[in-house]
Amino acid sequence: MTIPPTEPGNIVLQARDVRFDWSEVPLHWIPGDPVATHLINVLHLLLPAGEEWFVRVFKEAVPHIRDDRLREDVLGFIGQEAVHASSHDQVLDHFLAQGLDVRPFVRQVEFLFEGLLGDRNLTGTRGQAWLYERISLIAAIEHFTGVLGDWILNATALDEAGAHPTMLDLLRWHGAEEVEHRHVAHDLFMHLDGSYPARLRAMAETITALTALWRRGHRFLMAADPIVQGRIKGGLHHVRRTGAAGLTPGGRMVAASIGRYLRRSYSPLNEGSTSQALAYLASSPAARAALR
Amino acid sequence: MTPSQIPPDLRGRRARDPFWVAASALFNGIQRVRSLRTPVLPPVTPVDRTLTTVVREVRQEAEDVVGLRLAAPDGRALPAWQPGCHLDVRLPSGRRRQYSLCGDPADRRTYRIAVRRLPHGAGGSLEAHALAEGDLLTVSEPRNAFPFLPRDRYLFLAGGIGITPLLPMVQAARRLGADWRLVYTGRTRASLPFLDELPADRVEIRTDDDHGVPDCAELLTRAPAADAAIYCCGPAPMIDGVRAAFAPHGPATLHFERFAPAPVVDGRPFEIELRRRGVTLRVPADRTALDVLTEYDPAVAHSCRQGFCGTCRVGLLAGDADRRHPGDTDPDSLLVCVSRASGGRLVLDM
């Protein structure tokens, strides 16, 4: 892998103490487009429970690491993910205050991460294998968060559509940190296990789960939205329009990235640009509010 | 209902959502079939990130400042680095100190660091000053906590030895053809290293003996344009002053190295008992419980060291806590990176 001379490497990952003020953000933060708004809002339903799960699994992994630099990276990753989870959690409170009750869906997401993917009280080799299994899933999920992070940093169509700046800042701050730490989960999996079949299995499970959750989440939000009141039915077929308009990621872009992931030579560092992510973080209003 | 039970459906019609009944059956089935075989786990290969280097050159760069050139003993190429990178240097006594790389990133055979002698410091700088040509020194691979980003305009603000990470940035800005200025502050001219390596036309030297102590708001006015990237490195009061004077809503961006977290203020020594491990550790007045814990076990989970990320939260079984972050409100746990004991001993669930 070659890094262009201006691309910074060897980055020390540090959590940023961000602040957001949600009071002015409307329910349909892409004006007049509840369909695209809720396609992205599914993220807010998945991330708090999902990222808290990342943190728990990675904390469990730290004692197994035999590489000082990877340990530092993993600890930085954990801090960033913990702040992401709590920031998206605030958005859920804001939804509730606007009459969009997301609790039934969040309850299901919690079942996924705390029940199905939670601690199975296994010990010894079986406990360690279950830990590695979950790390392989996180590495596959982090491929998508990195790709989505790169997408949102370049999604000028959202600015043109008048998307609310606070929501854009949350998504881009988060996306930029995902790009910044995009190599960590893959590095951790390769350090501890590294099995190619396990990577394939994790990617297959992740694609299945994410597709189902996104479809169900969008249908749920469109039905529960107090303004839409179920007049438009949700579902992934909407991505044909929103993807082409640049308001959400498109199917082709995601499919191409999966193709790259499946290569044995896959390196997350070839997805997205660290310097673009760091440049956004230097100018992000929320990250700058925390500088003070 | 606990999160591990199958949840009700989304419209509240059924107590167990059929989707999750099916998903659980499928996923648990896969796990059950796979568990028929005892898992075989590959051994984890330890990775050594340290480099043994030899001191090739010691040069007096200013009053109290030595520059050290380090190279691999066999002269081969060293890991690449970018402006803003530092090395973690393990001094002969075992002390670890971080020093910014201040040489040329294109020179792949040597690393250069510079150290100011602090007679009243903790002793690391005195040790570094005692190094001689030919001595061996163990260092980490370069790491970057102060990344330099390509922009059109820059203002560099250096305070004394804080010039070290900025020196390669200035050279990179020149190579990029950017519009840049450097304001270099310090006590006296004789105390400022590397003056001979800086082009005079874009550099302003501002010493306390000639100009008095600098005003940080005034330093920021030296930017070549309103949208400049400002890179600042110097003593903590200078960085704090620049941060306070910087207008956060303007087009400019501010970059500084986030070193160790703020020092412990009004700390009292206390003890932490790790109940499950059966160990008691002493925390001195000037250190945090997390510092002591990570020294005891580097795998203790932690991250921001400032209280906001919550990673280091551990169960508190007994003791009076002196809570030092607004997010540390749960009476049964403690953020060990900032919070302390109001006296005596804390019993932690670890």
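Strand 13 (residues 270–274) of chain B pairs with strand 14 of chain B in the antiparallel sense over five bridges. Strands are DSSP runs of E with at least two residues, helices are runs of H or I with at least four, and both are numbered from the N terminus; two strands pair if DSSP finds at least two bridges between them. The bridge partner of Glu273(B) in strand 14 of chain B is Thr280(B).

This is a predicted model, in which local features need pLDDT of at least 70 and side-chain atom pairs count only at pLDDT 80 or more, while totals for chains, interfaces and linings use all residues. Residues are numbered from 1 along each chain as its sequence is written, and chains are lettered from A and ligands numbered from 1 in the order in which they are written.

In chain B, five strands form an open sheet with mixed pairing, in the order 14-13-19-15-17. Strands 14 and 17 of chain B are at the edges with a single partner strand each, so one side of each has no neighbour in the sheet.

| Edge strand (chain B) | Residues |
|---|---|
| Strand 14 | 279–283 |
| Strand 17 | 333–335 |

Helix 7 (residues 184–192) of chain A is mostly covered, with eight of its nine residues buried (20 or more other C-beta atoms within 10 Å of the residue's own, C-beta atoms being placed from the backbone). Among the buried residues are Val184(A) and Leu188(A). The cover of the buried residues includes helix 1, helix 2 (68–97) and helix 4 (124–153) of chain A. Gly194(A), with a positive phi near 80°, follows helix 7 of chain A.

Definitions and conventions:
A residue is buried if 20 or more other C-beta atoms lie within 10 Å of its own, exposed if 12 or fewer, and partly exposed in between; C-beta atoms are placed from the backbone. Two residues are in contact if their C-beta atoms, placed from the backbone, lie within 7 Å.
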